[in-house]
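My entries follow in the order I made them.

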Amino acid sequence: MVQDPLPADGYDLVHARLVLQHLPERLDVLARLAGALRPGGWLVLEEFDTAWVPVLAAPDEEAATLFERVHNALSAQLEKAGLDPVWGRRVPGAMLGAGLADVTATTYAESWAGGGTGIGLHRVNAQQMADRLRAEGLTDAELERFQALLADPAFVVNSLPLVSTRGRRP
Ligand SMILES: C[S@@+](CC[C@H](N)C(=O)[O-])C[C@H]1O[C@@H](n2cnc3c(N)ncnc32)[C@H](O)[C@@H]1O
């Protein structure tokens, strides 16, 4: 997406979800995607804003604190790999900066309860990045407690808000 040539014909619609967030070159990529539209075509980007993830219910105070520690450590590690954790809130401004018009955004969030499908995102992220979380100072016991928490229906957290932004090439 960063270097591959794009087809020359203008598109009516270009859509990407949770990809540009990972790319340090995201502003250049957005400009290239906007340039691939035909006049009047729409660019739709859907990206997380990971900075507003309140715990909505927890079996105890310690559980909420642990969730926040792990979430912050995950974000810090992903940021080191090039992720912008709040790219979702920056997309409208970036689209306007790229010359797109009629830019609007809608943000979707829901509750994720322990044991449910959505909260599995935190489960696999913490499993796949366990070594890096240990490097951030988390212990094996804390990581096990975190996994148990994500399976506990008494634990409920806000989903990662997904900002869906659209803009039209004039
Ligand atoms: C969080 S996943 C999102 C997957 C899918 N778009 C979705 O919404 O379910 C991030 C995706 O970005 C892709 N990706 C990361 N860097 C990329 C790059 N430089 N060029 C193209 N794709 C890339 C990964 O392969 C992965 O599929």
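**Entry 1. Salt bridges.** I count a salt bridge when a side-chain nitrogen of Lys or Arg lies within 4 Å of a carboxyl oxygen of Asp or Glu. I note that the model is predicted. My search returned 9 salt bridges in the structure.

I looked up Arg 145 with Asp 60. Their side chains form a salt bridge, N to O at 3.7 Å. Are the partners buried or exposed, or in between? Arg 145 is partly exposed at 31% relative accessible area. Asp 60 is partly exposed too, at 34%.

Next I took Arg 90 and Asp 84. Their side chains meet in a salt bridge with an N to O distance of 2.5 Å. Arg 90 has a relative accessible area of 45%, so I logged Arg 90 as partly exposed. Asp 84 has 9% relative accessibility and therefore counts as buried, since the cut-off for buried is under 20%.

Entry 2. I then checked Arg 134. Arg 134 forms a salt bridge with Asp 131, and the closest N and O atoms are 2.7 Å apart. Both residues belong to helix α5, 3 residues apart, which is about one turn of the helix. Arg 134 is partly exposed at 38% relative accessibility. Asp 131 is exposed at 60%. I also found a network of salt bridges that links Asp 131, Arg 134 and Asp 140.

**Entry 3. α2 against α6.** How are these two helices set against each other, and at what angle? Helix α2 (residues 61-80) and helix α6 (residues 140-150) pack at about 110 degrees, their axes 10 Å apart. The range of 65 to 115 degrees counts as roughly perpendicular, so α2 and α6 are roughly perpendicular to each other.

I listed the contact residues. From α2 they are Ala 63, Leu 66, Phe 67, Arg 69 and Val 70. From α6 they are Glu 142, Arg 145, Phe 146 and Leu 149. Sorted by class, the contact has 6 nonpolar and 3 charged residues, and no polar ones. Arg 145, in this contact, is also the partner of Asp 60 in Entry 1.

**Entry 4. Nonpolar cores.** The largest nonpolar core has 23 residues. Which members touch the most others? I found Val 70, Leu 133, Leu 138, Phe 146, Phe 155 and Val 157. The elements that give two or more residues to this core are α2, α5 (130-135) and α6. The largest share comes from α2, with 6 residues.

Not counting residues up to four places away in sequence, Leu 133 touches Val 70, Ala 73, Leu 74, Ala 126, Leu 138 and Leu 143. Another core lies apart from the largest one. This other core has 16 residues, among them Val 29, Leu 30, Ala 94 and Leu 100.

**Entry 5. Asn 158.** Asn 158 counts as buried, at 7% relative accessibility. What is Asn 158 in contact with, leaving aside neighbours within four places in sequence? I listed Trp 52, Val 53, Pro 54, Leu 56, Ala 109 and Glu 110.

Definitions and conventions:
Residues are numbered from 1 along each chain as its sequence is written. This is a predicted model: local features need pLDDT of at least 70, side-chain atom pairs count only at pLDDT 80 or more; totals for chains, interfaces and linings use all residues. Side-chain values use heavy atoms; hydrogens and water are left out. Axes are lines fitted to C-alpha atoms, for helices over the stretch in contact, and angles run from 0 to 180 degrees between N-to-C directions. Helices (H or I, at least four residues) and strands (E, at least two) are DSSP runs, numbered from the N terminus. Angles under 35 degrees count as roughly parallel, over 145 as roughly antiparallel, 65 to 115 as roughly perpendicular and the rest as oblique. Contact means heavy atoms within 4.5 Å. Ala, Val, Leu, Ile, Met, Phe, Trp, Tyr, Cys and Pro count as nonpolar, Asp, Glu, Lys and Arg as charged, and the others, Gly among them, as polar. A nonpolar core is a set of buried Ala, Val, Leu, Ile, Met, Phe, Trp, Tyr and Cys residues joined through side-chain atoms within 4.5 Å. Buried means under 20% relative accessible area, exposed over 50%, partly exposed in between (1.4 Å probe, protein chains only).
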